[in-house]
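Subject: Structure handover

Hello,

Here is the structure I promised to pass on. Please open it alongside this note; my findings follow below.

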Amino acid sequence: RTSQRLASIAPSATLAVDVKAKALRAEGADVIGFGAGEPDFPTPDHIVEAAVAACRDPKNHRYTPAPGLPELRSAIADKTLRDSGVQVEASQVLVTNGGKHAVYTAFAALCDPGDEVICPAPYWTTYPEAITLAGGVPVVVDTDDSTNFKVSVDQLEAVRTDRTKVLLFVSPDNPSGAVYSPAEITAIGTWALEHDIWVITDEIYEHLIYGDAVFASMPALVPDLAGQCIIVNGVAKTYAMTGWRVGWMVGPNDVISAAANFQSHATSNVSNVAQRAALAAVAGPLDEVYAMRTAFERRGTAMHAMLNDIPGVTCGAPEGAFYCFPNISGLLGVDLGGHRAANGLELADLILTEANVAFVPGEAFGAPGYARFSFALGDDDIATGLGRIADLVS
Ligand code: PMP
């Protein structure tokens, strides 16, 4: 009875582990979860206070224009210049219900049935589903730890066809934590420009960068690409605001107008109070963001070392976001405390059952043989959780 469109959505590969972790917790087990895709910090006070004040002002009890509060669109345009180095007008900004909604809207705005979207793997679980829902066809390009999960122009060129409409690009990356260098980004952007391929570039982890890595925005490095590029971003990761549901897309005026029409019928405006909070975030200081980044960097460094100390596990240093993405293939098919796991899903189940530790198997991101460990949790929990895995494995 369900439409083909919805029936084709794949069940989340993370769900089984998550359901079991919750069930174990409900039974009173002390489960340490490395699955979180969100900061563990509260939203900074000045943002919360702006929302409290907004609640008390009846003007925020009403609709805003569908594409967003004019002040917020303008502040996002300013912020895009500040952080991405790309000059845009407020009319080029569409405020959406989170970055995820911006991702879906961007594909809906660009894809006709059968249009191909190049999607490097490992990929954030949502991308292929959002592409398919929008009528596009995901064309997955595999990468591995030998290139630190970065796709090359040669790999992109190898899958390019007459139907290639869009390249999905994300740096810093979820789940791999990889950050592309400015030279790599320039090469990929130049390739896209040359072949008339749109780029949707997801910049949601722009401020979470570690060590020598630097953030760079593709349309800033390849300015001529701006006419065929959509930037996706949001307040979720930068300001610890995942629950507030404010994101945006920035692009050429015709695409943003079409997407705003779509939004006006699908969802109307984003919650007015949440938009006021987002305004305080993007127009405000970055001090607390830097403090969170410092904590993430410390945790990521510790996690990286601890993962590499586990026999059978190898892991590159995370460069951005808040994930380590170790190669766990050395743990497959071997005796682990009297049990064996044939693949990542079985390994995640085994480690959850035997060690009360949850993580997301690489299968969820189109990358079997790897696993995602979030370091958006307390230092002690990281040490305890990884210590439990080390004990089980050794
Ligand atoms: N892009 C990436 C790469 C993400 O990891 C996420 C969150 N998991 C999002 C976009 C969307 O974030 P939100 O919808 O919470 O703004």
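Start with helix H12, on its outward side: Asp287, Thr294 and Thr301 are exposed there. Exposed means over 50% relative accessible area, buried under 20%, and partly exposed in between, with a 1.4 Å probe and protein chains only. Helices (H or I, at least four residues) and strands (E, at least two) are DSSP runs, numbered from the N terminus.

Two notes on the basis. This is a predicted model, in which local features need pLDDT of at least 70 and side-chain atom pairs count only at pLDDT 80 or more, while totals for chains, interfaces and linings use all residues. Residues are numbered from 1 along each chain as its sequence is written, and side-chain values use heavy atoms, with hydrogens and water left out.

**Helix H12**

The expected span is 1.5 Å times one less than the number of residues. Its buried residues are Val289, Met292, Ala295, Phe296, Arg299, Gly300, Met303 and Leu307. Seen down the axis of H12, they fall within an arc of 140°, so they line one face of the helix. That arc is taken from the directions from the helix axis to the C-beta atoms. The buried residues of H12 pack against strand S9 (323–324), strand S12 (371–374) and helix H14 (379–393). Contact here means heavy atoms within 4.5 Å.

**The sheet with S9 and S12**

S9 and S12 belong to an open sheet of 3 strands, in the order S9-S12-S11, with antiparallel pairing. S9 and strand S11 (360–361) stand at the edges with a single partner strand each, so one side of each has no neighbour in the sheet. Two strands pair if DSSP finds at least two bridges between them. S11 and S12 are joined by 2 bridges. Val360 stands opposite Arg372 in S12.

Arg372 also touches Ala36: leaving aside neighbours within four places in sequence, Ala36 is in contact with Tyr323, Arg372 and Ser374. Ala36 sits in the loop between strand S1 (32–33) and H3. It is partly exposed, at 32% relative accessibility.

**Helix H11**

H11 (residues 272–283) is mostly covered, with 11 of its 12 residues buried. Its buried residues pack against helix H3 (45–56), helix H4 (70–84), strand S2 (93–96) and strand S8 (247–250). H11 reaches 16 Å, close to the 16 Å expected.

Strand S3 (residues 116–121) runs parallel to S5, joined by 3 bridges. Glu116 has Thr164 as its bridge partner in S5. S5 also pairs in the parallel sense with strand S6 (residues 198–202), over 5 bridges. Val170 stands opposite Asp202 in S6.

S5, helix H8 (residues 182–194) and S6 make a right-handed β-α-β unit. Right-handed means that, with the strands pointing away from the viewer, the path from the first strand over the helix to the second runs clockwise.

Ser171 lies in the loop between S5 and H8. At 4% relative accessibility, it is buried. A polar atom of its side chain lies 3.0 Å from the backbone nitrogen of Tyr180. Beyond its neighbours within four places in sequence, Ser171 is in contact with residues including Asp202 and Phe215.

Best regards

Definitions and conventions. A polar contact is a pair of N or O atoms within 3.5 Å; within protein, one must be able to donate a hydrogen and the other to accept it, and residues adjacent in sequence count only if both atoms are side-chain atoms.
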